[in-house]
Amino acid sequence: MASSDQGSSGAPKPVPGSYGLPVIGAVRDRLDFYYFQGQDKYFESRVERYGSTVVRINVPPGPFMAKDPRVVAVLDAKSFPVLFDMDKVEKKNLFTGTYMSSTSLTGGYRVCSYLDPSEPTHTKVKQMLFNLLLSRKDEVIPTFRSNFSSLLATVESELAKSGKAAFNKLNDVTSFDFIGEAYFGVRPSATNLGSSGPTKAAKWLIWQLHPLVTLGLPMVLEEPLLHTFHLPPFLIKGDYKALYNYYSTAGKQALDMAETLGLSREEACHNLLFATTFNSYGGLKVLFPGLLANIANAGEKLHERLVAEIRGAVAEAGGKVTLAALEKMELTKSVVWESLRLDPPVKFQYGHAKKDLEIASHDGVFQVKKGEMLFGYQPCATKDARVFGSTAREFVPDRFVGDEGSKLLQYVYWSNGRETESPSVDNKQCPGKNFVVLVGRLFVVELFLRYDTFTATVSTELLGASVNFTSVTKATSGPGS
Ligand code: HEM
């Protein structure tokens with residue numbers, strides 16, 4: 001039931017909404033966002049109040065970390081893609097939104113995520129990442145399989161011991177090692193970093209994301225500690241140095257290649273660290289629990305269908321998990337996209353209007369002035385009932401299967417671009433797009449080569465789902481893993 005992107009009704013109107021009183025309005029809204037309403041409600045209630053999916057609101061963190069919390073929010077599938085249009089928005093220094101972490105957390109450099117495509121370094125770093133991923137493409141499947149089959153073996157032994165197995169913790173350790181091995185051929189845990197990599201990485205991530213999260217502590221503690229001032233970078237200097245040492249040694253080949261693109265070794269290494277630890281590891285930390293949660297909640301019927309599809313395609317490929325076999329798995333592919341649609345791991349996107357703009361929603365056209373900050377809350381756009389119908393808020397495993405289903409892929413925005421488009425040095429779409437969809441599929445494949453079905457409990461934590469396995473039923477038919 002996809003609605004058209006073209007056409008808009010009526011003459012351009014001013015954007016409705018209100019920022020409230022300076023400082024007080026922004027702090028009040030921040031409390032609504034974290035404590036009184038929660039994220040989804042915060043945006044949905046304002047859409048309702050002003051009767052518009054393009055609306056003026058404050059976004060967190062506000063005072064005193066952000067100079068200006070005022071944004072024009074685009075909260076439907078039709079207006080959201082203005083954020084992907086590099087002729088219309090500038091994406092400089094706004095990766096984390098209305099505040100920017102100190103560059104002393106990234107070696108003094110503004111790394112790729114903070115660069116606009118008009119900046120020459122953006123092209124060089126993004127090209128380095130494309131080259132790196134391409135050079136390692138044959139390593140992804142075997143490396144994924146060895147790391148995640150060992151994770152599942154641990155799940156089984158923990159289930160045997162205590163009747164449950166906490167997935168997120170195991171995923172953190174495994175994803176960190178998997179990414180290092182897949183990109184550089186060196187498992188971080190086998191180097192001087194030892195088992196400390198994921199903890200050091202998580203700490204460094206918190207230093208950058210604390211303005212945007214709640215740890216579930218009382219408001220009187222979190223407000224001054226997390227939401228008002230930046231945590232001092234010197235406290236994690238040692239952790240960052242240890243991570244940097246790993247990348248500068250393990251990433252030698254990638255750094256050699258970066259030099260041929262005109263990057264200094266040092267700037268390339270800080271970028272490798274960021275792309276690997278923040279973008280990739282931070283992404284997989286949220287992606288796999290979300291995917292697992294949706295599959296667990298969908299229950300045994302879906303599991304049976306996935307088992308049949310996955311084992312059938314792998315048997316046809318001579319018992320091997322190959323790219324060609326993965327391509328044949330229509331339901332598996334759809335399940336991964338549906339999870340990325342329903343629970344996009346990165347929920348906020350920003351861009352400054354490059355010029356005076358007219359932005360069309362389903363209901364009207366709105367005027368925005370040059371320099372204003374545009375903001376998209378992705379879950380509102382990708383759960384738009386005008387595109388995804390009455391099941392927009394549900395997990396529908398088959399949603400993207402077949403010709404009709406694949407027409408909806410243009411409305412899947414998790415990569416900061418349409419799923420039907422590709423990242424390039426000229427846009428800000430995620431360079432890991434294909435890698436992420438591939439590992440998502442491999443995750444589902446690994447599960448259902450090994451298990452006929454499983455059960456798990458699902459709750460919410462810092463950035464997404466938290467999943468505990470409670471039982472697994474080992475595979476009763478081939479091809480097995
Ligand atoms: C950019 C999501 C994995 C590298 C982005 C953006 C999103 C995103 C939404 C755009 C941010 C913005 O500008 O507003 C994700 C998710 C991932 C993931 C959800 C995993 C589940 C990866 C991986 C890589 C990567 C595996 C490894 C290369 C980057 C980089 C950028 C980026 C370097 C900046 C792109 C640019 O400046 O043009 N990602 N990403 N990401 N991502 Fe990913």
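## Helices α11 and α17

In this predicted model, helix α11 (residues 300–316) packs against helix α17 (residues 433–450) at an angle of about 95°, and their axes lie 9 Å apart. Axes are lines fitted to C-alpha atoms, for helices over the stretch in contact, and angles run from 0 to 180 degrees between N-to-C directions. Helices (H or I, at least four residues) and strands (E, at least two) are DSSP runs, numbered from the N terminus. The two helices α11 and α17 are therefore roughly perpendicular to each other. Angles of 65 to 115 degrees count as roughly perpendicular, under 35 as roughly parallel, over 145 as roughly antiparallel, and the rest as oblique.

On the α11 side, the contact (heavy atoms within 4.5 Å) is made by His303, Leu306, Val307, Ile310, Arg311 and Val314. On the α17 side, Val444, Val445, Phe448 and Leu449 take part. These residues divide into eight nonpolar, one polar and one charged. Here Ala, Val, Leu, Ile, Met, Phe, Trp, Tyr, Cys and Pro count as nonpolar, Asp, Glu, Lys and Arg as charged, and the others, Gly among them, as polar.

## Helices α11 and α13

Helix α11 also meets helix α13 (residues 330–342); their axes come within 8 Å and cross at roughly 130°. The pair α11 and α13 is therefore oblique. Leu302, Arg305, Leu306, Glu309 and Ile310 in α11 meet Glu330, Leu331, Thr332 and Val335 in α13. By class, this contact has five nonpolar, one polar and three charged residues.

## The iron atom

The iron atom of the ligand has a single donor from the protein, the SG atom of Cys430, 2.3 Å away. Donors are N, O and S atoms within 2.8 Å of the metal (3.2 Å for Na, K and Ca); water is not among the atoms, so sites may look incomplete. Cys430 is found in the loop between α16 (402–406) and α17.

## Two open sheets

An open sheet of five strands has the order β2-β3-β9-β6-β4, with mixed pairing. Two strands pair if DSSP finds at least two bridges between them. Strands β2 and β4 (89–90) stand at the edges with a single partner strand each, so one side of each is left without a neighbour in the sheet. Strand β3 runs parallel to β9 (residues 373–377), joined by three bridges, and Ala73 stands opposite Phe375 in β9. Helix α2 (residues 39–50) lies across β2, β6 (348–353) and β9, at about 125° to β2.

Another open sheet, of three strands, has the order β1-β8-β7 and mixed pairing. Its edges are β1 (13–14) and β7 (357–360), each with a single partner strand, so one side of each is left without a neighbour in the sheet. Two bridges pair β1 with β8 (residues 365–368) in the parallel sense, and Lys13 stands opposite Phe366 in β8.

## Backbone in the loops

Most residues other than glycine have a negative phi, and most peptide bonds are trans. The peptide bond from Pro60 to Pro61 is cis, with omega near 10°. Another cis bond joins Pro63 and Phe64, with omega about 0°. Pro61 lies in the loop between β2 (54–58) and β3 (70–74), and Phe64 is in the loop between β2 and β3. Val23, in the loop between β1 and α1 (24–36), has a positive phi near 60°.

## Confidence and conventions

The mean pLDDT (the predictor's confidence in each residue, from 0 to 100) of the protein is 96, and 97% of its residues reach 70 or more. Over residues 1–6 the pLDDT is below 50, and this stretch has 17 contacts in the model beyond near neighbours in sequence.

In this predicted model, local features need pLDDT of at least 70 and side-chain atom pairs count only at pLDDT 80 or more, while totals for chains, interfaces and linings use all residues. Residues are numbered from 1 along each chain as its sequence is written, and side-chain values use heavy atoms, with hydrogens and water left out.
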